[in-house]
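The sequence and the model are shown first, and the description follows.

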Amino acid sequence: MVVQTPNGFTLDNSGRRVVVDPVTRIEGHMRCEVNLDENNVIRNAVSTGTMWRGLEVILKGRDPRDAWAFTERICGVCTGTHALTSVRAVEDALGITIPENANSIRNLMQLALEIHDHVVHFYHLHALDWVNPINALKADPKATSELQQAVSPSHPLSSPGYFRDVQNRLKKFVESGQLGLFKNGYWTNPAYKLPPEADLMAVTHYLEALDLQKEIVKIHTIFGGKNPHPNWLVGGVPCPINVDGTGAVGAINMERLNLVKSIIDMTMEFNRNVYIPDVKAIGSFYKSWLYGGGLSSRACLAYGDIPERANDFSAENLHLPRGAIINGKLDEVHDVDLRDPEQVREYVDHSWYEYDQPGVSLHPWEGETRPRYELGPNAKGTKTNIIELDEGGKYSWIKAPRWKGHAMEVGPLARYIVGYAKGHERIREQVDGFLSDLDLPFEAIFSTLGRTAARALESLYCCELQLHFYDKLVTNIRNGDTTTANVEKWDPSTWPKEAKGVGQTEAPRGALGHWIVIKDGKIENYQCVVPTTWNGSPRDPAGNIGAFEASLMNTPVERAEEPVEILRTIHSFDPCLACSTH
Amino acid sequence: MTDTVRDQQSSCVSIYVYEVPVRIWHWTNALAITVLAVTGYFIGSPPPSMGTGEAYDQFIFGYIRFTHFAAGYILAVAWIGRIYWAFVGNHHARELFYLPVWDRRWWQDLFTVVRWYLFLERQPKAFVGHNPLARLAMFFFFTLGVTFMIFTGFALYSEGAGQGSWQDALFGWVIPLFGQSQDVHTLHHLGMWWIIIFVIIHVYVAIREDIMSRTTIVSTMISGERTFKDGNPD
Amino acid sequence: MQTETFYDVMRRQGITRRSFMKFCSLTAAALGLGPAFVPKIAHAMQTKPRTPVIWVHGLECTCCSESFIRSAHPLAKDVVLSMISLDYDDTLMAAAGHQAEAAFEDTIEKYKGNYILAVEGNPPLNEDGMFCIVGGKPFVDQLRRAAEHAKAIISWGACASYGCVQAARPNPTRATPVHKVITDKPIIKVPGCPPIAEVMTGVITYMLTFDRLPELDRQGRPKMFYSQRIHDKCYRRPHFDAGQFVESWDDENARKGYCLYKMGCKGPTTYNACSTIRWNDGVSFPIQSGHGCIGCSEDGFWDNGSFYDRLTNIKQFGIEANADEVGLAAAGVVGAGVAVHAAVSALKRAQMKRQGAVPEKISEEA
Ligand code: HEM
Ligand code: HEM
Ligand code: NFV
Ligand code: SF4
Ligand code: SF4
Ligand code: F3S
Ligand SMILES: [Mg+2]
């Protein structure tokens, strides 16, 4: 059957159905089904969130000041971003303002998460879609060293001996016959295009990044006591500042600040010398593989984040841009209002939930989460053994959020497209620079590669912002302000009987909102609309497909039984299924 | 041992009910519980922070907790002594530990006492030992209550004493039984109120009975003698 | 099949015998073992092939995996490349779909009885298990299949050990900890939300090094890391004993690093190694960064009242009040009852006295 979706895709489910379940190297549980035509080109795509925990149900009746800890456990990968969104939602509802220092510290933490998540995603979740570690065994260490010096002259780890050691280690590993994580990979698939030297360089950086990522998060440890899942506080941050008084050792003091600074510097170096050059180097071999654009050229959404001054969420005050682009019109960026009942709404017609009536959507303040698991009439298999899903019925634990009725892509690429369209200087400079280095036209950004590149560029930009907020924090302390929390409305007896609020962040994977309704000091309703809810969205009653599904459309596949192209494009979103369904 | 009827001449009959160890235990126990309740309350809700000096200069919370533990040990040891006395003491010494639920007479008496407290009986019945209602209350509120407090108290204590300590060996299992440490804290804390409620009623009734009933009460726990004001120990 | 030992790999990486021995003594120290154990560790690492590990994921947030890769000693890369053979882990493995399922089956078939099963997250049992689906089937099936032939099971984190956040009231999916589903295998619980990275790698290396399961406490947690409370080794403990508390966020006392007891710190009721091993290579831990412990390694910590109350609400009775509120209310009712009863008694007595029916007092006889 061939159908035309309102958002501009032609779906044809007549060809061979290929199922990928589990989709691996993502957070959580996901399934993907596609139909291939006779030329192995994807003509229909179905993406399914295959887990649900019910956090929105669990949050009801609890103390709003505790909500950050519950929502933080929505995800341990983007750990912290839900907590930040949650404290913002509660503060918004209760009219609590936070001190400037708390804003700077929160930004430092949020940026650390952004960078950490991007680095780990690229090297440990995404790289194996582009990089063939087995092929790296064929590399000449000397040539690899030259390649390294060419792409990144200032990276110190570049000697032939260094690469030989890594290669030897890899060789022994492979020869041991215990392939571990590399077992059953698609290593003979021609979809892999790197020369052995680039493969070896990338595998080496896989290991370097593994060592480095544990350093980046120490910023969370300093301010929040641990990572994953640092601690947050409604009204500010829990860590007091004491730079020269008695007992300063238990607070943020000079030693702690120096540690923060050294981590920022180290992270910046890695992003400049390794991450960005790697993406460019790998990208240069995949320049002709510009599939996977999906919704990015048509509908992008960003809420914006990283407020310069505390308590001001107007678009001008945000370093990461806010705006919505629809119908592919880059010259018209709409403002986004999360309180507007007409903007963000969720459908559940194709999701395993039910509302009182079919075909309706709800704004999150009125949102409902009532599970209802059932397969569509044309599904194959049984309730507990799904062979093929029926996308005509309910088929995912992910709800279908829409912005003014549009399915939207969110995430680093969406942010960069919105930022570019709005004339964000640093973003323009980065995007233009990257494209010209690879000698690609602007349209190339609307692709799987573009998504991966935007993430890398954003990671570096976040390092720069970290430096800015570090300076800001130090300056503020120098000026005598050491306040980190506002406790005026800590006590629930100071709260109104009823209140509503919304919190927003730009999570690593995109626009994140939490909507809270507080009644008698307790949570009356709590709804999260999460980046991967947007990207992984199933169809809506009008038939619009979501970003994952759209991105797979019309991609040719080398070998139907080895889904590396599907993985590559799906991974470029950095899916987080625990987040998407929560 | 049987009750000793000491004085038969007067209309006022005295019977030796509470032997010395029971009386010593009673007042030790009352004191320990008072101390435990006060210190226990502060363990849950510490007084405002005191002093700004070096931490080693003061040990206020440490002393509060130490006092609690010391009183806890006294309570527990006294309770063991009291249990011992149930075996060797007079038959009143055993009343605290079981209820003669198989005894029709006991049930009848119980209802009579309940009626008396509901102002439905004109004359209270006099009892040599505890009246059945008192006995019921003491068994549920006190015997079970104090045992619970000792078990949960030592379980909490074992957390500090450490795995492998005798407290842990004897009482450590209590913690997973109730969930986790925080649950045991909460239940131990509730137990305090359980016992406080007993004490309120107990002291009220003791004084009231002393005034209104046919027997001495308060002084019994001091002298050990139960005096029947109308000379009729029945 | 040629199997490579940990030592081989280190040597081929250009690591000298000396630094290998140093590594062994660091490992010994990290495990809290004396120098006598160093040769034993070295021997184990020189002779053993890598132990296969199957790492499955149920309902969870993946923070346990994230924590694991933060391990500083040993480094996560050394664990994965040289100490174990991570043959199945949906979060990190290259293969997907059928190839991933094949890797799972192969490992079970090939290493029956010899692999370690690591479980992150837990199976939901409602909706026939379809709140968590892997390969079109309920996760609980995958868990049972992997457990059947496992040598031992590690329950990572609060999810696998106790249920964690998805099992918090009302637990809509009936998320169930591993030991309630798998009852015939040794299970090592490594609780925490997440557990500390070095605790995770410490548990694994202990098992590889000594070829036995760590000694467990009553609740199935390794004693070496879970036998004491945060509070027992908290560096703010002197302030606790001194009665010096943070009274409100960011007050003078907070800046001096006083005890967080009054801010709801659950350190006194939480068994974990945070106050000693600390987090992320010893950088800090929750209390050091100014927030109380929320008790994240304890059973059911989500339903034990607010993280900011010392006296928490009493869930057992579904009461929205703490022990003092409940107790005071009950004592109040009883006290009022007593007062009324006393008043009525006094009235009755006066009445009866007028009627001359009061038993005479002793004084009247004397
Ligand atoms: C924390 C405070 C107290 C506790 C826990 C407590 C507990 C007890 C217990 C368990 C008994 C039963 C003794 C036995 O059968 O071995 C008892 C008897 C008694 N207590 Fe207390 N007591 C307390 C305070 C007091 C006070 C303040 C008084 C006096 C005003 C008092 C007067 C008596 C009397 C008169 C008896 C004997 C009752 C009878 O003969 O039926 N008690 N008490
Ligand atoms: C009638 C007897 C007792 C009463 C009324 C009582 C009362 C209390 C109360 C109210 C608390 C505070 C609980 C909280 O909210 O955290 C407490 C804690 C405690 N009690 Fe008791 N208790 C009694 C007997 C005992 C006994 C026999 C022991 C055994 C040694 C004991 C040991 C403890 C311990 C170890 C703690 C915890 C201290 C801490 O966390 O620092 N208690 N008690
Ligand atoms: N989707 C998503 Fe998250 C992110 N980034 C959160 O909001 O990943 Ni775990
Ligand atoms: S135990 Fe906590 S940290 Fe680990 S997966 Fe579960 S929610 Fe995440
Ligand atoms: S901060 Fe917490 S763990 Fe530390 S001493 Fe105080 S109550 Fe104990
Ligand atoms: S909250 Fe968890 S991380 Fe440690 S200090 Fe408490 S156990
Ligand atoms: Mg939601």
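Are B:His68 and B:His188 buried or exposed? Both B:His68 and B:His188 are buried, where buried means under 20% relative accessible area, exposed over 50% and partly exposed in between, with a 1.4 Å probe and protein chains only.

The model is predicted: local features need pLDDT of at least 70 and side-chain atom pairs count only at pLDDT 80 or more, while totals for chains, interfaces and linings use all residues. Residues are numbered from 1 along each chain as its sequence is written, chains are lettered from A and ligands numbered from 1 in the order in which they are written, and side-chain values use heavy atoms, with hydrogens and water left out.

**Metal sites**

Donors are N, O and S atoms within 2.8 Å of the metal (3.2 Å for Na, K and Ca); water is not among the atoms, so sites may look incomplete. B:His68 belongs to helix H2 (residues 60–88) of chain B and B:His188 to helix H7 (residues 181–212), so the pair ties together parts that are 120 residues apart in sequence. Helices (H or I, at least four residues) and strands (E, at least two) are DSSP runs, numbered from the N terminus.

In chain A, the nickel atom of ligand 3 has A:Cys75 and A:Cys576 as protein donors, each through SG. The nickel atom is 2.9 Å from the iron atom of ligand 3. A:Cys75 sits in the loop between helix H2 (67–72) and helix H3 (81–94), and A:Cys576 in the loop between helix H15 (564–571) and helix H16 (577–581), 501 residues apart. Both A:Cys75 and A:Cys576 are buried.

| Metal | Protein donors | Distance |
|---|---|---|
| Nickel atom of ligand 3 | A:Cys75 (SG), A:Cys576 (SG) | 2.2 to 2.4 Å |

A:Cys75 is also one of the contacts of A:His229, which include A:Glu72, C:Cys61 and C:Cys193 when neighbours within four places in sequence are left aside. Contact means heavy atoms within 4.5 Å. A:His229 lies in the loop between helix H8 (218–224) and helix H9 (254–285) of chain A, and it counts as buried because its relative accessibility is 0%.

**Chains A and C**

Of the 2 pairs of chains in contact, chains A and C share the most contacts. Here 104 residues of chain A meet 99 residues of chain C. The area buried between them is about 8,600 Å², of which carbon and sulfur atoms give 57%; buried area is the accessible area (1.4 Å probe) that two parts lose on being put together, summed over both. On the side of chain A, the residues that lose the most area to chain C are A:Arg169, A:Gln178 and A:Leu181, together 10% of what that side buries.

Ligand 6 lies between chains A and C. Among the residues around ligand 6 are A:Lys226, C:Trp279 and C:Cys296, each with a heavy atom within 4 Å of the ligand.

**Chain B**

Chain B has 8 helices and 3 strands. Of its 234 residues, 50% are buried. The C-alpha trace of chain B spans about 70 × 40 × 35 Å along its principal axes. Chain B does not touch chain A, and their nearest C-alpha atoms are 10 Å apart.
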